[in-house]
Amino acid sequence: MAQYTKHPVAAPPTAPERESTGHLLLRGYTTLMLFVVFAHTAVYNLLGEVGAAVVLGLSVLGSCAIGIPMLAKNRPHPFAWRRLPWAALGYVALALLSLAWSQWRAATIVTWVLLAAVTVTALLIAHVLTWHEIVQSLASAFKWIVGLSLALELLVAVVLRHPLLPNFLTLPEGDVDAQWYWVRENLFDGGRIQGIVGNANVLAILCLFAIITFGVRIAQRARWRVTHALWIVVAAYLMLRASSATAYVCAAAVAVVLVVAILIRRTHAPGARARIYATCGTLVTIAVAAVVVFREPLFTALGRGADLTGRTDLIWAKVVERAGHHPIFGNGFSSPWVPTEPAFDRWIVDHGITVFHAHNMWLDVLMQLGVVGVILMAAAYLSLLWRAWFFAADRPRWDLRADRPFSPLTLLPILFTVILLVQGLVESTPIMLWGWMLLVLFSFKIKAVPLIGVGLDEKSRVTERGREARRIP
């Protein structure tokens, strides 16, 4: 219960500031956009190719309708043009220019429009929301993904009692390859589950993102901490049942980076950071060398082959061969590969399905945009990695005071970035859709607002928003 005094000298109590209805709707729209991007395969499996295209088109139009008026009126604050992620935007520009020499021009046009839409959406989210609101929207989107994944698995296992094909198609007669199923009815038989995204590896990575986001919310002492802890349990269960070796490796990398970041935050003595960096660097080098030497028994223990489930011979060799045809500027942008394009149709086939990416982001970029594209992509990710690390490791400071507390929120970008970089060794997701959105979103937000909650940049935004909320029409 609120306590206040009735003493005549004391100021009367004031109600806490409330967000305007428009801003609440904006946050809701942001959550919807994040869900559509992260769970894009669920939209495709539910509505089909045409329906997914309509949803994407409406989402882009909605982003433009919201963003353009805000930019024209400099609301909720002036757009930080000078702090844009130029390396990432350079990659987008090169992808468009590749139309001039592309070996698959139709695929380049279609996929570049998708890349541009995701880029604009990420910039809009970074511009209109504060750091706390971004994490809150991410948490809401992951709750929907995790909750609907569990609900769909229960529906298939308890009600339907047979595997589910995309678009709720009727099961054909005879055997069907398990790779074609949206949900395989494995919830109670111990097999790998796929959730609403229809892919066990993607579900596991999204659950790892969710665990980190919910953990940050708990560390921030946000409301409903017990509920967030229960969501962590559900996400951990789905991640375990997805049984993704890639997600396990990403989780191990996240744990290492988290420990190092916490140790760095606790250092006070001169030279302590250098000793921690040297020690942890040595241990990581030894661990990587051990993985390389003992990769066969290690991958066998994880249920994977030493050839990374056919990637080296089936996919990577052909991608490298095609990349050698145009090594400098590549063969033309297409992320993902469009299966109906003759150059990709039945080019690489796995379980009867045309493969739509190289399962390695660096080889994918090399084939599409050549060495120049690899340089731009490396610059974009290295820039994000550098800024995200010091965003997490450095104490917030904008004046002579050097004892301000760290924010748990500053750990989220570096942990997400580590997941993307590790996943990029065996997947191409970090260069398209939600992987690309996270790259652009965090790159722009860290450059534009390098402080959390208080400080010159974030404080000005909070002050302007509070002043706008108090304004009487």
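Burial first. Of the 473 residues in the protein chain, 46% count as buried. This is a predicted model, so please hear every number as computed from it. The accessible surface of the chain comes to about 23700 Å². Carbon and sulfur atoms hold 68% of that surface.

Now the fold. The chain has 15 helices and two strands. Take the contacts with a separation of 6 or more: 73% of them are between residues 24 or more positions apart.

Next, helix α11, residues 311-323. Where does α11 have its kink? The kink is centred on A317, and the bend is about 25°. Which residues of α11 are buried? R311, I315, W316, V319, R322 and A323. An α-helix has 3.6 residues a turn, so residues three or four places apart point the same way. Keep that in mind when you look at the buried set. What covers these buried residues includes α12, residues 361-393.

On to charges. How many salt bridges does the count give? One. The partners are R273 and D394, with 3.0 Å from N to O. The pair links distant parts of the chain, 121 residues apart. R273 sits in helix α9, residues 272-293. D394 sits in the loop between α12 and α13, the latter being residues 411-423. Side chains of opposite charge can pair when their charged atoms come close. Are these two partners buried, exposed or in between? R273 is partly exposed, at 26% relative accessibility. D394 is partly exposed too, with a relative accessible area of 34%.

Cysteines. The disulfide count is zero. C207 has a relative accessible area of 1%, so it is buried. C280 stands at 17% relative accessibility, and it counts as buried because the cut-off is under 20%.

Last, the surface. There is a nonpolar patch of about 520 Å². Which residues make the patch? L154, L155, V158, V159, L160 and F188. Let me pick out L155. That residue lies in helix α5, residues 131-160. Its relative accessible area is 35%, so L155 is partly exposed. A patch residue needs over 30%, so L155 passes on that point.

Helix α11 is kinked at A317. R273 and D394 form the salt bridge. And L155 belongs to the nonpolar patch, along with F188 among others.

Terms used:
Residues are numbered from 1 along each chain as its sequence is written. This is a predicted model: local features need pLDDT of at least 70, side-chain atom pairs count only at pLDDT 80 or more; totals for chains, interfaces and linings use all residues. Side-chain values use heavy atoms; hydrogens and water are left out. The bend at a residue is the angle between axes fitted to the seven residues ending there and the seven starting there. Helices (H or I, at least four residues) and strands (E, at least two) are DSSP runs, numbered from the N terminus. Buried means under 20% relative accessible area, exposed over 50%, partly exposed in between (1.4 Å probe, protein chains only). Contact means heavy atoms within 4.5 Å. Patches are made of residues with over 30% relative accessible area and no salt bridge: like charges are joined within 9 Å, nonpolar side chains (Val, Leu, Ile, Met, Phe, Trp, Tyr) within 5 Å. Accessible areas come from the Shrake-Rupley method with a 1.4 Å probe; for residues, only the protein chains shown count as cover. A salt bridge is a side-chain nitrogen of Lys or Arg within 4 Å of a carboxyl oxygen of Asp or Glu. A disulfide is a pair of cysteine sulfur atoms within 2.5 Å.
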